[in-house]
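Hi,

Here is the structure I said I'd pass on to you.

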Amino acid sequence: MSRWVAVARVDEVPPGEGREVVAEDRIVALFNVDGTFYALDGVCPHQGGPLGQGQLCGTVVTCPWHGWQFDVRTGQHQINPTIVHITLPVKVEGDQVLVDIESDA
Ligand code: FES
């Protein structure tokens with residue numbers, strides 16, 4: 001099942017940055033890595049921190065609460081190989097960035 005929701009304009013998330021966005025009732029962390037957009041579930045699996053407000057360095061975001069780091073392309077935790085956070089498909093249509101908020105349902 002899929003449900004694509006527009007979450008931002010392309011120019012609202014410049015390369016090298018991320019944003020916390022809300023897609024219907026879901027918090028999403030949206031990132032722009034050199035012009036390619038990626039999305040993670042916005043709620044950190046550690047203690048619920050806001051991943052979309054974390055610092056993006058290359059393809060890795062650092063949670064602002066306690067510093068857990070994830071590859072935004074895969075959701076892979078950077079230290080613990082058993083932790084893989086939820087990724088969400090992203091596409092661009094015109095000037096809009098859309099995220100499939102039900103791809104993991
Ligand atoms: S809530 Fe994200 S590292 Fe603790």
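**What I found**

The protein has zero helices and ten strands. Keep in mind that this is a predicted model. Read along the sequence, the pattern is simply β-β-β-β-β-β-β-β-β-β.

Let's start with the overall shape. The C-alpha trace spans about 35 × 30 × 20 Å along its principal axes. A compact globule with 105 residues would have a radius of gyration near 13 Å, and the protein has 12 Å, so the two agree. As for what is tucked inside, 28% of the 105 residues count as buried. Among the contacts with a separation of 6 or more, 41% are between residues 24 or more positions apart.

Now the sheets. Strands of a sheet pair through backbone hydrogen bonds, either parallel or antiparallel.

Zoom in on β2 and β3, which pair in the antiparallel sense over six bridges. They form a hairpin with two residues between them, and Glu 24 in the turn has a positive phi of about 55 degrees. To find your way along the pair, look for Val 22 opposite Ile 27 in β3, and for Arg 19, whose bridge partner in β3 is Leu 30.

There is also an open sheet of three strands, ordered β1-β10-β9 and again antiparallel. Its edges are β1 (4-9) and β9 (90-93); each has a single partner strand, so one side of each is left without a neighbour in the sheet. On average, neighbouring strands of this sheet are turned by 35 degrees against each other, direction ignored. β9 pairs with β10 (residues 96-100) over four bridges, in the antiparallel sense. Val 92 sits opposite Val 97 in β10.

What about the inside? In soluble globular proteins, nonpolar side chains tend to be buried together. The largest nonpolar core here has 23 residues, and those touching the most other members are Val 7, Val 28, Ala 29, Leu 30, Ala 39 and Val 99. β2 (18-23), β3 (26-33), β4 (36-41) and β10 each supply at least two residues of this core.

Which residues is Ala 39 in contact with, leaving aside its neighbours within four places in sequence? They are Val 28, Ala 29, Leu 30, Thr 87, Leu 88, Val 90 and Val 99.

Cheers!

Conventions:
Residues are numbered from 1 along each chain as its sequence is written. This is a predicted model: local features need pLDDT of at least 70, side-chain atom pairs count only at pLDDT 80 or more; totals for chains, interfaces and linings use all residues. Two strands pair if DSSP finds at least two bridges between them. Axes are lines fitted to C-alpha atoms, for helices over the stretch in contact, and angles run from 0 to 180 degrees between N-to-C directions. A nonpolar core is a set of buried Ala, Val, Leu, Ile, Met, Phe, Trp, Tyr and Cys residues joined through C-beta atoms within 7 Å. A residue is buried if 20 or more other C-beta atoms lie within 10 Å of its own, exposed if 12 or fewer, and partly exposed in between; C-beta atoms are placed from the backbone. Two residues are in contact if their C-beta atoms, placed from the backbone, lie within 7 Å. The radius of gyration is taken over C-alpha atoms; the globule rule is 2.2 Å times the number of residues to the power 0.38.
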